[in-house]
Amino acid sequence: MTATAQDHDDLAYNVFAKACPSRATLEHVTGRWGGLTLGALYEGSLRFNELRRRVDGVSEKMLSQTLHALERDGLVFREAQPTNPPRVDYELTPLGRQVAERLLALIHCVEGAMDDVLAARARYDETRGAR
């Protein structure tokens, strides 16, 4: 067994195991809206509507569900201030910042490779017919 495989077997959690609780957290982080929400909050604390504008295309319902999941996982902190009207701010926890840093590295990698991706798509579509 390789050192990497051995290290993985020694972990308390294994995302590849169906019943592992880390799988749900990984889905929250890497799902369509989770990664974008974490990336947006990396820039700093945002109110709900500010966050919704930043994560273009997310519905109010999906953003709310995403924030609840990320808060439950300990990645996002929700601060409700007792004002009238109520003010609620969202920010990353230290763990959320760690995860967001890694996601942003992936996001920047993908953005930087988009010329190659678009060229690959065009080649694929030419040989297989556009779908």
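In what order do the 3 strands of the open sheet stand?

1. The order is β1-β3-β2, and the pairing in this open sheet is antiparallel; strands pair if DSSP finds at least two bridges between them, and both helices (H or I, at least four residues) and strands (E, at least two) are DSSP runs, numbered from the N terminus. The edge strands are β1 (46–47) and β2, each of which pairs on one side only.

2. A word on the basis of this note: the model is predicted, with local features needing pLDDT of at least 70 and side-chain atom pairs counting only at pLDDT 80 or more, while totals for chains, interfaces and linings use all residues. Residues are numbered from 1 along each chain as its sequence is written, and side-chain values use heavy atoms, with hydrogens and water left out.

3. Within the sheet, strand β2 (residues 76–81) and strand β3 (residues 87–92) are joined in the antiparallel sense by 6 bridges, with V76 opposite L92 in β3 and R78 opposite Y90 in β3. On the β1 side, 2 bridges join β1 to β3, again in an antiparallel run, and here L46 is the residue that stands opposite Y90 in β3.

4. β2 and β3 form a hairpin, with 5 residues between them. The loop between these two strands is also the place of P85, and the peptide bond that joins N84 and P85 is cis, with omega about 0 degrees.

5. Turning to the helices, the axes of α3 (residues 32–42) and α6 (residues 94–112) come within 9 Å and cross at roughly 105 degrees, where axes are lines fitted to C-alpha atoms, for helices over the stretch in contact, and angles run from 0 to 180 degrees between N-to-C directions. The two helices are therefore roughly perpendicular to each other, a term that covers angles of 65 to 115 degrees.

6. In this contact (heavy atoms within 4.5 Å), G35, L38, G39 and Y42 of α3 meet R97, V99, A100, E101, L103 and L104 of α6. These residues divide into 6 nonpolar, 2 polar and 2 charged; Ala, Val, Leu, Ile, Met, Phe, Trp, Tyr, Cys and Pro count as nonpolar, Asp, Glu, Lys and Arg as charged, and the others, Gly among them, as polar.

7. R97 also lies over the face of Y42, at 4.1 Å from the ring centre; the criterion is that NZ of Lys or CZ of Arg is within 6 Å of the ring centre and within 35 degrees of the ring normal.

8. α3 packs against α5 (residues 60–72) as well, at an angle of about 75 degrees and with the axes 10 Å apart, which makes α3 roughly perpendicular to α5. Here W33, G34, T37, L38 and L41 in α3 meet M62, L63, T66, L67 and L70 in α5, and the residues of this contact divide into 7 nonpolar, 3 polar and no charged.

Conventions
Parallel < 35°, antiparallel > 145°, perpendicular 65-115°, else oblique.
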